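Student: I would like to learn how to read a few local features. Can we work through some residues together?

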Amino acid sequence: MLQHENLKGRVAVVTGGGGVLCSSFAKDLAASGVKVAVLDIRKEAAQAVADEINASGGAAIGIACDVLSAESLEAARQTVHAAFGPCDILLNGAGGNSPLGTTTKETLEPEDLRQKAEGVKTFFDLDPKGIEFVFNLNFLGTLLTTQAFAKDMIGRENACILNVSSMNAYRPLTKIPAYSAAKAAVSNFTQFMAVHFADVGIRVNAICPGAVETEILLHTFHSVPGAEEKFNNAYPTGHVGTAVEIANACVFLASRECDFLNGVNLPIDGGITAHTGQPY
């Protein structure tokens, strides 16, 4: 775990903080002396992470928050203010996918249209409401959360926003067009914000993880035959990432050592984008 003395005493807000990946972000920041507000739509999940941080000697609060509700975000901002003061580090980690924005097969085949088998969902069957949900959660949730907290960050020393994008923004996985496109929007939005906020002293970067051992991925490994081997074999490291491996980059980007790093979408992918997949 990386620790940075220059982070001590600062205030971080982590959305999606009850999940596997963002809870690791929250814990690593707390280990460097950051006071962490753990936001999650599930109050019990946020509180569990905060309790763990506090039990380890850190400072954290758990807050129920819906990143798609401006009212919920404002209530969370006021709670953070009362407990810790203004936000210095905003980590936009809330996001995810929906089965409504997912196909059942990797590629379209002619028989899928001529005589589609039961249970097969093609590109042409994608539900617009599902696409909308995925875009809203990943992109609009990032925008609304930034609107809620960024005003308080103006003029604060080394204020920074970290967005969670994905390597799917560069190279979309099969079956999940909505999620991949939404993360591409987050990456593009990161670059926009980096320029837009530069004159008021807020740095904006994003991390782009490859596949990570989250609950969803582990469920896929257990429920889809051959999925784990297929994923692991795709990575030159021989395995998908862990939350701790990804979280170290978060602490690095939030530190003062990175005060000239702005507008970066940082791939953390075990080398998958450097590998063609061909034997020679």
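Student: Which residue's side chain does a polar contact join to that of aspartate 112?

Tutor: A polar contact is a pair of N or O atoms within 3.5 Å; within protein, one must be able to donate a hydrogen and the other to accept it, and residues adjacent in sequence count only if both atoms are side-chain atoms. Here the partner is lysine 105, at 2.9 Å. This is a predicted model, where local features need pLDDT of at least 70, side-chain atom pairs count only at pLDDT 80 or more, and totals for chains, interfaces and linings use all residues. Residues are numbered from 1 along each chain as its sequence is written, and side-chain values use heavy atoms, without hydrogens and water.

Student: Where is aspartate 112 found?

Tutor: In helix α4, residues 110–114. Helices (H or I, at least four residues) and strands (E, at least two) are DSSP runs, numbered from the N terminus.

Student: Is aspartate 112 buried or exposed?

Tutor: Buried means under 20% relative accessible area, exposed over 50%, partly exposed in between (1.4 Å probe, protein chains only). Aspartate 112 has 6% relative accessibility, so it counts as buried.

Student: What is aspartate 112 in contact with, leaving aside neighbours within four places in sequence?

Tutor: Contact means heavy atoms within 4.5 Å. The list is Lys105, Thr107, Val120 and Thr122.
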